[in-house]
Amino acid sequence: MTGGSALNAPSRAVGDASAGRGLANLRGTGRSVLMLAGWREARWLMRSPLVLGGLAVSVWLVWLNNRIRPGDFPEPATIFWWAADVNVVACLLPTTGGALLAAQLAAGRSRRDGMEHLYRTYPASAATRSGAHLLSLAGPLILAVVFIVAAVAWVAAQPAIGQPRWWVLAAGLLLVALGGVLGTALGSWLRHPMTGILVALALGLIEIDLVLTYSNPIHLAGGIEWLFPWVDTAGVLTALPGLTVPYPPPAHLAELAGLIALAGVAALWPVAASRRAVATIAVAALAITGWSGWDQVQGVSTKTQAAMASQVILPGSVQRCQLIDGVRYCYYPAFAPLARQWADAVDGVLARVPGAARTALTVRQVWDGNFFVPPLLAPTGLTSNGGGAPSKLATTVSNFQGALSKDPRLIIGSSMPPVYTDANWGTGSTLGAAQLALAISAAEWATGLPTTGRAVSYNYAIPGGGSTSGTAVLACVPVGQARAAIAAWLAAGATPAARSAFVSSAAPGAVVSTQVGRDWVATVQLAGSGPSVGLNATVQAVALARRMLRLPARQVESVLARRWESWLRPAATTAELASALAVPLPRQPVARPSLPYTRGSATYGIYTPPTQTCG
Amino acid sequence: MKALARPGALDGSAAASAAKERTDSGPVLRIEHVTRRYGRTVALDNVSLELGRGIVGLLGPNGAGKTTLLSILATVASPDAGRLSVLGYDPALASERLEIRRRLGYLPQDLGYHRHFTVSAFLDYVAILKELTDSRIRHAELARVLASTDLTALAGKRIRTLSGGMRRRLGLAQALLGSPDLLVLDEPVSGLDPEQRLRFRELLSQLPGDPVVLLATHQVEDVTAVCSAVVVLLAGRVRFAGTPAELADLASGRVWLSPERHAGAELSWRAGDGRWRNIGPLPPAGADMVTPTAEDGYLVLSGAAGGNGAHP
């Protein structure tokens with residue numbers, strides 16, 4: 001062996017001899033390396049097809065869930081921020097999944113590509129590289145911020161009622177961050193791409209189950225749903241104005257933050273220089289997560305539940321009232337912007353009512369939705385379905401809602417008959433239907449027609465076998481009465497949009513057979529607003545109203561004004577009204593009985609008990 | 001090139017700055033009685049070496065311990081026994097290990113790549129990890145190594161589209177980033193075509209800053225062409241350290257030409273002119289002796305040509 005033998009050779013280095021030494025003096029600090037590497041990784045994450053794909057799905061979901069389409073009314077056609085903000089965040093779940101997958105791939109990249117051996121020879125430590133991967137989540141977070149801002153602007157332009165809540169939107173950012181940190185932690189330990197895919201799939205399936213308001217194939221024990229990163233509470237409290245979500249918001253934010261910290265600890269653990277510091281953070285994060293989890297499974301306090309029910313049962317306790325052109329409009333505070341729009345429809349009716357006593361009319365907003373979505377309401381105690389026996393509170397609310405459409409005296413301070421509107425309102429192409437519904441209720445009030453119905457229990461033996469039973473709220477039919485045509489004319493002429501909606505509603509296809517006493521009458525059902533039963537008018541009355549619309553308004557008003565009180569009597573007929581207006585009396589078609597029947601083992605048709613003529 | 005033989009105890013506790021100053025006048029790599037085992041296999045067996053600035057070739061058959069030695073010098077592996085001083089720093093100390101890494105360029109034998117990265121994106125990222133955070137300096141350095149490795153035209157290409165030789169050049173480019181004081185290159189020319197190998201030699205010859213270059217290879221002619229010193233590792237032990245000429249001298253008087261294959265030769269092959277080139281310990285009387293090459297010396301040293309594997 002000749003180790004150590006002397007070798008002498010001239011230096012053959014050429015070029016700038018100071019280059020290497022000079023760079024050594026110009027190197028950045030550990031923090032600048034961390035920031036710069038983090039930003040590089042962030043840019044890659046922002047351009048990752050997984051993140052961008054998730055974002056595209058998020059955008060599609062927001063559009064799908066929050067667009068208002070023609071025909072939505074009377075289905076929820078109004079966007080409420082207290083539901084929409086939750087939905088916007090739920091729509092971020094695909095972006096979260098994309099961030100998880102992309103971050104897992106990025107964090108496991110050096111080992112998966114066989115580069116770790118080389119990377120260990122660089123001055124930037126493994127901890128710096130892991131830190132850079134965590135910092136890189138700024139990329140998806142920037143995209144999430146842009147998404148949220150754009151979604152909020154778009155939903156607000158729909159328009160929407162209320163204001164988005166910052167803590168709900170902040171939870172959306174924490175969701176994306178959690179997905180990314182979880183992916184980074186996975187990649188730090190398990191480099192195989194399937195790891196991220198399997199985890200995203202497992203969490204995704206549970207999350208999908210939790211955010212969908214139907215099916216729910218995965219049943220979790222009551223209450224623990226809130227421990228998962230996101231549950232779509234939008235379906236739980238959709239139309240409850242001003243209510244909060246049924247869990248403590250700070251606790252859920254703290255839980256997400258705690259989970260992020262725990263995942264961050266898992267990501268840094270293999271490379272941490274000071275494991276004691278990381279362990280301390282882990283213990284603190286565990287404590288925060290545990291506390292927030294415990295706090296969330298406690299359910300809603302009795303006091304909060306009582307407040308929630310009180311808003312429904314005693315709306316006057318929280319509502320504000322506003323006088324517009326002599327009419328009193330009472331609404332939940334968030335709905336203040338709608339009062340003017342309601343007034344447009346109501347004014348359109350009252351302006352053509354001779355000597356209308358506007359001050360006698362109160363248009364009151366009521367809540368007629370259902371507490372829904374099993375099993376998410378288990379911790380709230382408000383559920384009235386989904387397995388367990390309904391709580392006392394749920395029963396109280398349910399009974400109130402049942403009574404709302406048939407008891408005109410239910411809410412103190414309402415008009416007689418009451419004119420209700422609910423949380424739904426139209427916009428764009430659905431505005432006409434919404435205006436017509438409220439105008440129908442206002443016209444019924446003006447013409448003395450009932451706005452509420454009569455509850456009937458029935459048990460009907462179907463010819464051919466079988467039976468059907470239940471309870472129905474029935475609207476009376478003003479058969480042959482002039483006031484039905486007058487009410488329809490008043491409502492249809494309230495606004496141009498209401499007129500178009502009326503024409504659509506009175507199309508030949510809308511004719512149904514209604515049993516009035518022993519007779520069958522061809523009628524058209526014109527929906528009322530909120531829980532009102534609406535106007536079930538004869539085909540003849542509706543057709544006369546259409547002819548009245550074609551006449552000059554002054555001519556019709558003059559004829560009505562001459563003997564207004566007389567026209568409102570049930571005895572005043574459509575034939576007399578047509579004669580006074582000098583128009584031909586439209587034909588009332590003969591109605592065929594429409595009863596359910598059994599053929600073979602199948603039953604066809606729906607049974608509706610007989611109603612009465614409006615008195 | 002500084003003197004290689006500098007026996008003496010290492011002072012691992014010396015301050016980093018002082019250690020740096022020492023390397024300017026002394027050996028830049030000092031390896032003392034280093035042993036490394038993988039289970040029962042002894043990869044390095046009591047290796048001692050002192051190397052100065054210049055290009056040093058590391059020769060040895062597969063499994064001789066070359067890659068293990070380079071991994072230890074590149075701070076990704078540590079010895080089971082023995083001490084090292086690299087550029088005056090002790091790699092056993094975390095703070096000094098960082099200083100070594102700041103001055104190191106390393107090309108592993110088996111290097112993976114981020115296949116979906118572009119050439120420039122990959123080098124830019126590596127430059128950041130090498131603490132080149134000033135964008136102006138980093139971009140200039142990127143342009144320099146791209147030009148040095150003839151990759152400028154491929155800067156925007158994705159790595160997955162590059163040939164094996166191009167990727168090897170890319171590996172070399174990342175090693176050159178930051179103009180390191182110590183270049184550890186494990187089989188840098190494998191996969192390169194003859195022209196690229198010549199370009200590689202040119203590149204090594206023009207490195208700025210008079211770095212220490214440790215070059216492990218099976219190509220003896222590359223060592224002869226560019227290395228001022230050569231170390232031969234056999235079975236985990238240093239069997240030779242000297243100049244290529246000294247390596248060639250090991251076969252002096254053992255190489256001869258003959259019209260037919262000589263029965264006394266340990267290794268014979270027909271040369272391009274039709275005559276047989278024989279290597280063996282006992283050339284016949286009156287044999288047509290030829291000047292040996294470094295390759296002949298390596299063959300004698302490794303025992304493939306009749307040597308006993310020990311330095312004669």
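## Strand pairing

Two strands count as paired if DSSP finds at least two bridges between them. In this predicted model, β4(A) and β5(A) meet that rule with three bridges, in the parallel sense. Across this pairing, Cys330(A) faces Arg364(A) of β5(A).

Strand β3 (residues 320-324) of chain A runs antiparallel to β4 (residues 327-331) of chain A, joined by five bridges. Here Leu323(A) is opposite Arg328(A) of β4(A). The two strands make a hairpin with two residues between them. In that turn, Asp325(A) has a positive phi of about 55°.

## The sheet and its helices

The open sheet has four strands, ordered β3-β4-β5-β6 in chain A, with mixed pairing. Neighbouring strands are turned by 25° against each other on average, direction ignored.

Helix α15(A) lies across β3, β4, β5 and β6 of chain A. Its direction is at about 145° to β4(A). Helix α17 (residues 431-447) of chain A also packs on the sheet, where it touches β5 and β6 of chain A. The direction of α17 makes about 170° with that of β6(A).

## Arg358(A)

Arg358(A) sits in the loop between α15 (339-350) and β5 (362-365) of chain A. Its relative accessibility is 23%, so Arg358(A) counts as partly exposed.

Beyond neighbours within four places in sequence, Arg358(A) contacts Asp325(A), Gly326(A), Val327(A), Asp347(A), Leu350(A) and Ala351(A). Of these, Asp325(A) is in the hairpin turn. Thr427(A) is 69 residues from Arg358(A) along the chain, and their C-alpha atoms are 26 Å apart.

Terms used: Residues are numbered from 1 along each chain as its sequence is written. Chains are lettered from A and ligands numbered from 1 in the order in which they are written. This is a predicted model: local features need pLDDT of at least 70, side-chain atom pairs count only at pLDDT 80 or more; totals for chains, interfaces and linings use all residues. Side-chain values use heavy atoms; hydrogens and water are left out. Buried means under 20% relative accessible area, exposed over 50%, partly exposed in between (1.4 Å probe, protein chains only). Contact means heavy atoms within 4.5 Å. Axes are lines fitted to C-alpha atoms, for helices over the stretch in contact, and angles run from 0 to 180 degrees between N-to-C directions.
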